[in-house]
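Morning, everyone. Please look at the structure on the screen before I start.

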Amino acid sequence: EKMNKNLAIRNNAIVRTMEGEGFKEQLAYVMGAGPEGARLADRLVRMVVNEIQRTPQILKCTPESVYLSAMQCARLRLEPGMDLAFLIPRGGVCHFQVGYRGHIQLLKEFAGCLKVECGIVHENDKFRRAVSIGLGDSPEGGLVFEHEAPVDGRGEPTRVYCLAWMDTGVIHHDVMTKAEVEHVRDTSKARSDAWDKYPLEMWKK
């Protein structure tokens, strides 16, 4: 049955178009000229098809929206899966969505970010954040982050935090409570299935 399902996906007109040389050439034009661009385009198509196999509902979306989502992956060089990007079928349209690891990758490439760490604090974790007013956000002082998690029995998530080390020496940091995260989820105009499929990853985003 799985083999028949994969065969049906491979024979789908949308997949055949993406696996065709014409579409790959368009992706390669965006991703870079020469053999490297062609290699990246070929890999991206394979990753998109793998995502379709995991979420066949994508094939019920308009072909144009699927092609556009693949092109957005190419422009940002974010492959679907691995929390870099998501292809979300909703209302007959395929929506491209950057994952939290994708945001980190973009920050490193374009915003002078050296390192990013995101973490989810659960109710049985030990967590402490302390900021000394007037000392700034330098590594030498002013900011203390401590997070210790037990191996088992962590309980429900209660907050999420993010630390970003910039090439200027500044450390950006933020913490959101569970109520704040759920407010963002519930008031989003384009709430996606990713909140149901990957809830903790969406917390980090």
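I'll go through aromatic rings, then a sheet.

This is a predicted model: local features need pLDDT of at least 70, side-chain atom pairs count only at pLDDT 80 or more, and totals for chains, interfaces and linings use all residues. Residues are numbered from 1 along each chain as its sequence is written, and side-chain values use heavy atoms, leaving out hydrogens and water.

Rings first. Rings of Phe, Tyr and Trp (its six-membered ring) pair if their centres lie within 6.5 Å; planes under 30 degrees apart are stacked, over 60 edge-to-face, the rest tilted. That rule gives four aromatic pairs. One is F23 with Y67: centres 5.6 Å apart, planes at 50°, so tilted. F23 sits in helix α3 (residues 21-31) and Y67 in helix α5 (residues 63-76), so this pair ties together parts 44 residues apart in sequence. Helices (H or I, at least four residues) and strands (E, at least two) are DSSP runs, numbered from the N terminus.

Next, F127 and F145. Their ring centres are 5.8 Å apart and the planes stand at 70°, so this pair is edge-to-face. F127 lies in strand β4 (residues 126-131) and F145 in strand β5 (residues 143-148), 18 residues apart. Together with Y161, they form one aromatic cluster.

Now the sheet. Where does Y161 pair up? Y161 in β6 is the bridge partner of G119. Nine bridges join β3 to strand β6 (residues 157-166), and the two run antiparallel. Strands pair if DSSP finds at least two bridges between them. The open sheet has three strands, ordered β3-β6-β7, with antiparallel pairing. Its edge strands are β3 (113-122) and β7 (171-177), each pairing on one side only.
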